[in-house]
Amino acid sequence: MDFAFDARTEELRGRLLAFMDEHVYPAEAVAEEQRAALADPWTAPPVVAELQEEARRRGLWNLFFTNQHSLPDHEYGAGLTNLQYAPLAEITGRSPQLAPTALNCAAPDTGNMELLAQFGTEEQRKRWLEPLLEARIRSAFAMTEPDVASSDATNIETRIVRDGDDYVIDGRKWYISGAMNPACEIFIVMGKTDPDGADPRRQQSMVLVPRDTPGVRIRRAMRVYGYEDHYHGGHAEVLFDGVRVPAANLVGEEGGGFAIAQARLGPGRIHHCMRLIGMAERAIELMCRRALDRTAFGKPLAAQGVVQEWIADSRVAVEQLRLLVLKTAWLMDTVGNRGAHTEIQAIKIATPRTVVGIIDQAVQLHGAGGVSQDFPLAELWAAARTLRLADGPDEVHQRSLARRELRRYR
(Lines give C-alpha, C1' and ligand atoms only; values in the text may rest on other atoms or scores of the structure.)
Protein backbone atom coordinates (compact mmCIF):
# COMPACT_ATOMS: atom_id res chain seq x y z
CA MET A 1 0.00 0.00 0.00
CA ASP A 2 1.50 3.36 -1.02
CA PHE A 3 -1.18 5.55 0.57
CA ALA A 4 0.44 8.07 2.95
CA PHE A 5 -0.98 8.25 6.48
CA ASP A 6 -0.05 10.44 9.43
CA ALA A 7 3.24 9.82 11.22
CA ARG A 8 1.76 7.81 14.10
CA THR A 9 -0.14 5.48 11.76
CA GLU A 10 2.92 4.94 9.58
CA GLU A 11 5.02 4.16 12.65
CA LEU A 12 2.47 1.62 13.88
CA ARG A 13 2.20 0.13 10.38
CA GLY A 14 5.94 -0.40 10.31
CA ARG A 15 5.89 -2.11 13.69
CA LEU A 16 2.92 -4.28 12.71
CA LEU A 17 4.38 -5.31 9.35
CA ALA A 18 7.58 -6.38 11.10
CA PHE A 19 5.57 -8.29 13.70
CA MET A 20 3.67 -10.11 10.95
CA ASP A 21 6.85 -11.07 9.05
CA GLU A 22 8.89 -12.03 12.10
CA HIS A 23 6.25 -13.74 14.21
CA VAL A 24 2.72 -14.17 12.81
CA TYR A 25 3.36 -15.78 9.42
CA PRO A 26 5.93 -18.23 10.85
CA ALA A 27 3.46 -19.10 13.64
CA GLU A 28 0.71 -20.21 11.24
CA ALA A 29 2.16 -23.68 10.68
CA VAL A 30 3.21 -23.93 14.33
CA ALA A 31 -0.31 -23.13 15.52
CA GLU A 32 -1.79 -25.79 13.28
CA GLU A 33 0.61 -28.44 14.59
CA GLN A 34 -0.05 -27.44 18.20
CA ARG A 35 -3.81 -27.38 17.76
CA ALA A 36 -3.79 -30.89 16.28
CA ALA A 37 -2.00 -32.13 19.42
CA LEU A 38 -4.38 -30.50 21.93
CA ALA A 39 -6.81 -32.65 23.88
CA ASP A 40 -9.41 -29.89 23.58
CA PRO A 41 -9.42 -28.50 20.01
CA TRP A 42 -11.16 -25.32 21.20
CA THR A 43 -8.27 -24.29 23.45
CA ALA A 44 -5.96 -21.71 21.91
CA PRO A 45 -2.60 -23.15 20.79
CA PRO A 46 0.27 -22.08 23.10
CA VAL A 47 1.84 -20.01 20.32
CA VAL A 48 -1.11 -17.59 20.53
CA ALA A 49 -0.09 -16.54 24.07
CA GLU A 50 3.47 -16.07 22.81
CA LEU A 51 2.24 -13.83 20.00
CA GLN A 52 0.14 -11.81 22.44
CA GLU A 53 3.10 -11.29 24.73
CA GLU A 54 5.21 -10.08 21.82
CA ALA A 55 2.41 -7.79 20.59
CA ARG A 56 2.20 -6.17 24.03
CA ARG A 57 5.95 -5.72 24.07
CA ARG A 58 5.80 -3.96 20.70
CA GLY A 59 2.93 -1.65 21.69
CA LEU A 60 0.44 -3.34 19.35
CA TRP A 61 -2.25 -4.13 21.93
CA ASN A 62 -5.98 -3.20 21.81
CA LEU A 63 -5.49 -0.99 18.76
CA PHE A 64 -9.18 -1.33 17.82
CA PHE A 65 -10.37 0.91 20.67
CA THR A 66 -10.76 4.13 18.70
CA ASN A 67 -11.21 7.50 20.35
CA GLN A 68 -14.75 7.91 18.99
CA HIS A 69 -16.05 6.59 22.32
CA SER A 70 -14.85 9.67 24.25
CA LEU A 71 -13.26 7.32 26.77
CA PRO A 72 -9.82 7.59 28.42
CA ASP A 73 -7.45 6.37 25.73
CA HIS A 74 -4.73 5.39 28.20
CA GLU A 75 -7.19 3.09 29.94
CA TYR A 76 -8.89 1.35 27.02
CA GLY A 77 -6.51 1.34 24.09
CA ALA A 78 -4.34 3.24 21.67
CA GLY A 79 -6.86 6.04 21.11
CA LEU A 80 -6.61 5.85 17.33
CA THR A 81 -9.18 7.22 14.94
CA ASN A 82 -11.02 4.85 12.63
CA LEU A 83 -8.92 6.24 9.78
CA GLN A 84 -5.73 5.43 11.67
CA TYR A 85 -6.91 1.95 12.61
CA ALA A 86 -8.06 1.02 9.08
CA PRO A 87 -4.65 0.22 7.55
CA LEU A 88 -3.64 -1.69 10.68
CA ALA A 89 -6.75 -3.86 10.62
CA GLU A 90 -6.09 -4.50 6.93
CA ILE A 91 -2.67 -5.90 7.75
CA THR A 92 -4.11 -8.26 10.37
CA GLY A 93 -6.60 -9.52 7.77
CA ARG A 94 -3.71 -11.17 5.93
CA SER A 95 -3.62 -13.77 8.71
CA PRO A 96 -7.17 -13.66 10.08
CA GLN A 97 -6.82 -16.78 12.24
CA LEU A 98 -3.90 -15.46 14.29
CA ALA A 99 -3.16 -11.76 13.85
CA PRO A 100 -6.36 -10.16 15.26
CA THR A 101 -6.22 -12.44 18.32
CA ALA A 102 -2.52 -11.74 18.78
CA LEU A 103 -3.33 -8.01 19.07
CA ASN A 104 -6.49 -8.61 21.16
CA CYS A 105 -8.42 -7.12 18.24
CA ALA A 106 -10.56 -10.14 17.31
CA ALA A 107 -14.33 -10.35 17.06
CA PRO A 108 -16.57 -10.87 18.95
CA ASP A 109 -14.49 -9.57 21.85
CA THR A 110 -13.84 -6.21 20.20
CA GLY A 111 -17.53 -5.44 19.80
CA ASN A 112 -18.30 -6.70 23.29
CA MET A 113 -15.57 -4.56 24.82
CA GLU A 114 -16.82 -1.49 22.99
CA LEU A 115 -20.36 -2.28 24.14
CA LEU A 116 -19.30 -2.62 27.79
CA ALA A 117 -17.23 0.55 27.59
CA GLN A 118 -20.13 2.57 26.18
CA PHE A 119 -23.10 1.10 28.01
CA GLY A 120 -21.80 -0.94 30.94
CA THR A 121 -21.93 0.16 34.57
CA GLU A 122 -18.74 0.74 36.52
CA GLU A 123 -19.15 -2.66 38.16
CA GLN A 124 -19.78 -4.40 34.82
CA ARG A 125 -16.67 -2.81 33.36
CA LYS A 126 -14.55 -3.88 36.30
CA ARG A 127 -15.89 -7.44 36.32
CA TRP A 128 -15.84 -8.13 32.56
CA LEU A 129 -14.24 -5.35 30.51
CA GLU A 130 -10.93 -5.26 32.37
CA PRO A 131 -10.15 -8.99 31.97
CA LEU A 132 -11.22 -8.79 28.31
CA LEU A 133 -8.85 -5.89 27.72
CA GLU A 134 -6.08 -8.02 29.22
CA ALA A 135 -7.15 -11.14 27.23
CA ARG A 136 -7.52 -13.12 30.47
CA ILE A 137 -10.99 -14.22 29.31
CA ARG A 138 -12.99 -14.36 26.07
CA SER A 139 -16.64 -13.49 25.42
CA ALA A 140 -19.59 -14.13 23.09
CA PHE A 141 -22.50 -12.10 21.74
CA ALA A 142 -25.74 -14.09 21.65
CA MET A 143 -28.28 -12.60 19.25
CA THR A 144 -28.80 -14.89 16.23
CA GLU A 145 -31.55 -17.51 16.51
CA PRO A 146 -32.28 -20.54 14.28
CA ASP A 147 -36.06 -20.17 14.11
CA VAL A 148 -36.38 -16.53 13.02
CA ALA A 149 -34.78 -14.16 10.53
CA SER A 150 -32.36 -12.61 12.99
CA SER A 151 -31.20 -9.91 10.58
CA ASP A 152 -34.40 -8.20 11.79
CA ALA A 153 -33.86 -7.96 15.55
CA THR A 154 -37.57 -7.35 16.11
CA ASN A 155 -38.05 -11.07 15.33
CA ILE A 156 -35.96 -12.27 18.29
CA GLU A 157 -37.89 -14.80 20.37
CA THR A 158 -35.65 -15.21 23.41
CA ARG A 159 -37.45 -13.96 26.51
CA ILE A 160 -35.90 -12.00 29.36
CA VAL A 161 -38.45 -11.80 32.18
CA ARG A 162 -38.07 -9.74 35.35
CA ASP A 163 -38.63 -11.78 38.51
CA GLY A 164 -38.01 -9.76 41.65
CA ASP A 165 -34.33 -8.83 41.76
CA ASP A 166 -33.49 -11.20 38.87
CA TYR A 167 -34.01 -11.70 35.17
CA VAL A 168 -34.91 -15.14 33.83
CA ILE A 169 -33.78 -15.95 30.28
CA ASP A 170 -35.27 -18.60 28.01
CA GLY A 171 -34.27 -19.02 24.39
CA ARG A 172 -32.18 -20.81 21.78
CA LYS A 173 -29.31 -19.14 19.95
CA TRP A 174 -26.91 -20.35 17.29
CA TYR A 175 -23.75 -19.32 15.48
CA ILE A 176 -22.63 -17.70 18.71
CA SER A 177 -19.01 -16.95 17.87
CA GLY A 178 -16.38 -17.78 20.47
CA ALA A 179 -18.70 -19.81 22.69
CA MET A 180 -16.85 -23.10 22.27
CA ASN A 181 -13.63 -21.64 23.65
CA PRO A 182 -13.22 -22.71 27.30
CA ALA A 183 -11.85 -19.22 27.99
CA CYS A 184 -15.24 -17.71 27.03
CA GLU A 185 -16.66 -16.68 30.42
CA ILE A 186 -19.41 -14.18 29.57
CA PHE A 187 -22.31 -13.99 27.12
CA ILE A 188 -24.04 -10.77 26.17
CA VAL A 189 -27.55 -12.05 25.46
CA MET A 190 -30.19 -10.15 23.49
CA GLY A 191 -33.83 -10.98 24.08
CA LYS A 192 -37.23 -9.39 24.62
CA THR A 193 -38.20 -7.86 27.95
CA ASP A 194 -41.37 -6.31 26.49
CA PRO A 195 -42.52 -8.57 23.63
CA ASP A 196 -45.93 -6.85 23.36
CA GLY A 197 -44.61 -3.28 23.48
CA ALA A 198 -46.02 -0.76 21.02
CA ASP A 199 -42.59 0.15 19.61
CA PRO A 200 -40.99 -2.99 18.11
CA ARG A 201 -37.55 -1.39 18.53
CA ARG A 202 -38.02 -0.93 22.27
CA GLN A 203 -38.96 -4.51 23.05
CA GLN A 204 -35.38 -5.83 23.28
CA SER A 205 -32.84 -5.69 26.09
CA MET A 206 -29.37 -7.09 26.72
CA VAL A 207 -28.16 -8.91 29.81
CA LEU A 208 -24.81 -10.30 30.91
CA VAL A 209 -24.88 -14.05 31.49
CA PRO A 210 -21.80 -15.76 32.94
CA ARG A 211 -21.06 -19.02 31.16
CA ASP A 212 -21.25 -21.07 34.36
CA THR A 213 -24.79 -19.90 35.20
CA PRO A 214 -27.16 -22.87 35.69
CA GLY A 215 -29.31 -23.40 32.62
CA VAL A 216 -26.68 -22.32 30.07
CA ARG A 217 -26.09 -25.30 27.79
CA ILE A 218 -23.63 -25.40 24.90
CA ARG A 219 -25.35 -27.88 22.62
CA ARG A 220 -22.97 -28.18 19.67
CA ALA A 221 -20.42 -26.46 17.46
CA MET A 222 -21.84 -25.11 14.21
CA ARG A 223 -19.74 -25.58 11.09
CA VAL A 224 -19.12 -22.92 8.45
CA TYR A 225 -18.68 -24.56 5.04
CA GLY A 226 -17.31 -27.57 6.92
CA TYR A 227 -14.90 -25.57 9.07
CA GLU A 228 -15.29 -25.32 12.84
CA ASP A 229 -13.12 -22.19 13.24
CA HIS A 230 -11.18 -23.44 16.24
CA TYR A 231 -8.93 -20.39 16.44
CA HIS A 232 -11.82 -18.03 17.14
CA GLY A 233 -13.59 -20.34 19.56
CA GLY A 234 -16.07 -21.78 17.09
CA HIS A 235 -19.71 -20.89 16.51
CA ALA A 236 -21.99 -22.62 18.97
CA GLU A 237 -25.65 -23.43 19.40
CA VAL A 238 -26.51 -22.35 22.94
CA LEU A 239 -29.65 -23.04 24.97
CA PHE A 240 -30.73 -20.70 27.76
CA ASP A 241 -33.14 -22.72 29.86
CA GLY A 242 -34.53 -20.81 32.84
CA VAL A 243 -31.24 -18.98 33.26
CA ARG A 244 -31.43 -16.64 36.27
CA VAL A 245 -29.11 -13.63 36.64
CA PRO A 246 -29.25 -10.54 38.89
CA ALA A 247 -31.13 -7.53 37.53
CA ALA A 248 -27.84 -5.64 37.87
CA ASN A 249 -26.64 -7.65 34.84
CA LEU A 250 -28.85 -5.57 32.54
CA VAL A 251 -26.76 -3.63 30.03
CA GLY A 252 -28.02 -0.07 29.66
CA GLU A 253 -31.76 0.20 30.16
CA GLU A 254 -34.73 -2.04 29.49
CA GLY A 255 -35.81 -1.56 25.90
CA GLY A 256 -32.39 -0.30 24.87
CA GLY A 257 -31.16 -3.54 23.30
CA PHE A 258 -31.95 -2.65 19.70
CA ALA A 259 -30.10 0.68 19.89
CA ILE A 260 -27.14 -0.93 21.65
CA ALA A 261 -26.95 -3.61 18.95
CA GLN A 262 -26.85 -0.96 16.23
CA ALA A 263 -24.10 0.92 18.05
CA ARG A 264 -22.12 -2.29 18.33
CA LEU A 265 -22.56 -3.29 14.69
CA GLY A 266 -21.38 -0.01 13.16
CA PRO A 267 -17.69 -0.34 14.08
CA GLY A 268 -17.90 -4.13 13.70
CA ARG A 269 -18.90 -3.83 10.06
CA ILE A 270 -16.01 -1.55 9.17
CA HIS A 271 -13.51 -3.72 11.07
CA HIS A 272 -14.63 -6.74 9.03
CA CYS A 273 -14.24 -4.80 5.80
CA MET A 274 -10.78 -3.58 6.78
CA ARG A 275 -9.63 -7.13 7.42
CA LEU A 276 -11.29 -8.39 4.23
CA ILE A 277 -9.03 -6.12 2.20
CA GLY A 278 -6.05 -7.78 3.87
CA MET A 279 -7.50 -11.18 2.98
CA ALA A 280 -7.78 -10.06 -0.64
CA GLU A 281 -4.18 -8.85 -0.62
CA ARG A 282 -3.04 -12.24 0.68
CA ALA A 283 -5.00 -13.94 -2.10
CA ILE A 284 -3.45 -11.68 -4.77
CA GLU A 285 0.03 -12.40 -3.43
CA LEU A 286 -0.61 -16.14 -3.54
CA MET A 287 -2.10 -15.79 -7.02
CA CYS A 288 0.96 -13.97 -8.33
CA ARG A 289 3.44 -16.41 -6.79
CA ARG A 290 1.51 -19.36 -8.17
CA ALA A 291 1.28 -17.81 -11.63
CA LEU A 292 5.04 -17.30 -11.78
CA ASP A 293 5.96 -20.72 -10.35
CA ARG A 294 3.54 -23.02 -12.18
CA THR A 295 3.80 -24.04 -15.86
CA ALA A 296 0.92 -25.35 -17.94
CA PHE A 297 0.79 -26.12 -21.68
CA GLY A 298 4.40 -25.12 -22.15
CA LYS A 299 4.46 -21.70 -20.49
CA PRO A 300 4.07 -20.13 -17.05
CA LEU A 301 0.53 -19.44 -15.89
CA ALA A 302 1.62 -15.78 -15.64
CA ALA A 303 1.85 -15.72 -19.42
CA GLN A 304 -1.78 -16.77 -19.84
CA GLY A 305 -3.99 -13.83 -20.81
CA VAL A 306 -6.87 -14.86 -18.57
CA VAL A 307 -4.58 -15.08 -15.54
CA GLN A 308 -3.21 -11.60 -16.26
CA GLU A 309 -6.79 -10.32 -16.40
CA TRP A 310 -7.60 -11.92 -13.02
CA ILE A 311 -4.57 -10.30 -11.41
CA ALA A 312 -5.17 -6.89 -12.97
CA ASP A 313 -8.88 -6.84 -12.15
CA SER A 314 -8.16 -7.95 -8.58
CA ARG A 315 -5.71 -5.10 -8.07
CA VAL A 316 -8.17 -2.54 -9.42
CA ALA A 317 -10.97 -3.89 -7.22
CA VAL A 318 -8.86 -3.84 -4.04
CA GLU A 319 -7.73 -0.27 -4.63
CA GLN A 320 -11.34 0.82 -5.12
CA LEU A 321 -12.49 -0.97 -1.99
CA ARG A 322 -9.68 0.46 0.11
CA LEU A 323 -10.58 4.03 -0.82
CA LEU A 324 -14.24 3.42 0.00
CA VAL A 325 -13.34 1.91 3.39
CA LEU A 326 -10.98 4.79 4.17
CA LYS A 327 -13.67 7.31 3.24
CA THR A 328 -16.10 5.50 5.54
CA ALA A 329 -13.59 5.50 8.39
CA TRP A 330 -12.99 9.23 7.91
CA LEU A 331 -16.72 9.96 7.94
CA MET A 332 -17.20 7.91 11.11
CA ASP A 333 -14.49 10.01 12.73
CA THR A 334 -15.82 13.35 11.53
CA VAL A 335 -19.63 13.06 11.40
CA GLY A 336 -20.28 9.85 13.36
CA ASN A 337 -21.83 6.51 12.45
CA ARG A 338 -25.15 8.06 11.53
CA GLY A 339 -23.50 10.47 9.12
CA ALA A 340 -21.58 7.58 7.57
CA HIS A 341 -24.70 5.42 7.22
CA THR A 342 -24.63 5.22 3.43
CA GLU A 343 -20.94 4.44 3.25
CA ILE A 344 -21.07 1.83 6.03
CA GLN A 345 -23.78 0.01 4.11
CA ALA A 346 -21.90 0.42 0.84
CA ILE A 347 -18.73 -1.21 2.15
CA LYS A 348 -20.77 -3.98 3.78
CA ILE A 349 -22.32 -4.77 0.40
CA ALA A 350 -19.27 -4.30 -1.83
CA THR A 351 -16.35 -5.61 0.21
CA PRO A 352 -17.29 -9.22 1.04
CA ARG A 353 -18.82 -9.78 -2.37
CA THR A 354 -15.74 -8.49 -4.21
CA VAL A 355 -13.24 -10.24 -1.95
CA VAL A 356 -15.05 -13.57 -2.36
CA GLY A 357 -14.56 -13.19 -6.11
CA ILE A 358 -10.85 -12.42 -5.76
CA ILE A 359 -10.23 -15.38 -3.45
CA ASP A 360 -12.24 -17.62 -5.76
CA GLN A 361 -9.97 -16.72 -8.69
CA ALA A 362 -6.93 -17.47 -6.51
CA VAL A 363 -8.45 -20.86 -5.68
CA GLN A 364 -8.99 -21.53 -9.38
CA LEU A 365 -5.38 -20.68 -10.15
CA HIS A 366 -4.16 -23.12 -7.49
CA GLY A 367 -6.29 -25.98 -8.82
CA ALA A 368 -6.74 -28.78 -6.28
CA GLY A 369 -4.30 -27.03 -3.97
CA GLY A 370 -6.70 -24.12 -3.71
CA VAL A 371 -9.33 -26.20 -1.92
CA SER A 372 -6.79 -28.08 0.20
CA GLN A 373 -5.36 -27.45 3.65
CA ASP A 374 -1.95 -26.70 2.12
CA PHE A 375 -2.95 -23.13 1.32
CA PRO A 376 -5.11 -20.69 3.35
CA LEU A 377 -7.40 -19.93 0.41
CA ALA A 378 -10.27 -22.29 1.20
CA GLU A 379 -10.60 -20.97 4.75
CA LEU A 380 -10.27 -17.39 3.52
CA TRP A 381 -13.06 -18.01 1.02
CA ALA A 382 -15.33 -19.53 3.66
CA ALA A 383 -14.73 -16.62 6.03
CA ALA A 384 -15.32 -13.98 3.35
CA ARG A 385 -18.46 -15.68 2.07
CA THR A 386 -19.86 -15.90 5.60
CA LEU A 387 -19.41 -12.16 6.08
CA ARG A 388 -22.07 -11.60 3.45
CA LEU A 389 -24.42 -12.82 6.19
CA ALA A 390 -22.70 -12.11 9.50
CA ASP A 391 -23.53 -8.44 10.00
CA GLY A 392 -26.83 -8.62 8.16
CA PRO A 393 -27.37 -10.08 4.67
CA ASP A 394 -26.37 -8.03 1.64
CA GLU A 395 -30.04 -7.69 0.71
CA VAL A 396 -30.90 -5.94 3.99
CA HIS A 397 -28.23 -3.32 3.40
CA GLN A 398 -29.21 -2.94 -0.26
CA ARG A 399 -32.84 -2.37 0.75
CA SER A 400 -31.91 0.28 3.31
CA LEU A 401 -29.42 1.97 1.02
CA ALA A 402 -31.88 2.08 -1.88
CA ARG A 403 -34.56 3.64 0.33
CA ARG A 404 -32.10 6.29 1.42
CA GLU A 405 -31.23 7.11 -2.19
CA LEU A 406 -34.86 7.23 -3.29
CA ARG A 407 -35.78 9.66 -0.49
CA ARG A 408 -33.53 12.25 -2.09
CA TYR A 409 -35.80 12.40 -5.14
CA ARG A 410 -39.21 12.31 -3.52
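Modeller: The axes of helix α1 (residues 7-37) and helix α4 (residues 82-92) come within 9 Å and cross at roughly 10°. Here axes are lines fitted to C-alpha atoms over the stretch in contact, with angles from 0 to 180 degrees between N-to-C directions. That crossing makes α1 roughly parallel to α4, a label for angles under 35 degrees. This is a predicted model, in which local features need pLDDT of at least 70, side-chain atom pairs count only at pLDDT 80 or more, and totals for chains, interfaces and linings use all residues. Residues are numbered from 1 along each chain as its sequence is written, and side-chain values use heavy atoms, without hydrogens and water.

On the α1 side, the contact (heavy atoms within 4.5 Å) involves Arg8, Thr9, Leu12, Arg13, Leu16, Leu17 and Met20. Helix α4 supplies Gln84, Pro87, Leu88, Ile91 and Thr92. By class, seven of these residues are nonpolar, three polar and two charged.

Leu88 also touches Leu63, whose other contacts beyond four places in sequence include Ala78, Tyr85 and Leu103. Leu63, Tyr85 and Leu103 are among the members with the most neighbours in the largest nonpolar core, which has 90 residues. Such a core joins buried residues (under 20% relative accessible area, 1.4 Å probe, protein chains only) of the types Ala, Val, Leu, Ile, Met, Phe, Trp, Tyr and Cys through side-chain atoms within 4.5 Å. A second, separate core of 22 residues includes Trp42 and Ile176. Over the protein chain, buried residues make up 53% of the 410.

Key. Buried means under 20% relative accessible area, exposed over 50%, partly exposed in between (1.4 Å probe, protein chains only). Helices (H or I, at least four residues) and strands (E, at least two) are DSSP runs, numbered from the N terminus. Angles under 35 degrees count as roughly parallel, over 145 as roughly antiparallel, 65 to 115 as roughly perpendicular and the rest as oblique. Ala, Val, Leu, Ile, Met, Phe, Trp, Tyr, Cys and Pro count as nonpolar, Asp, Glu, Lys and Arg as charged, and the others, Gly among them, as polar.
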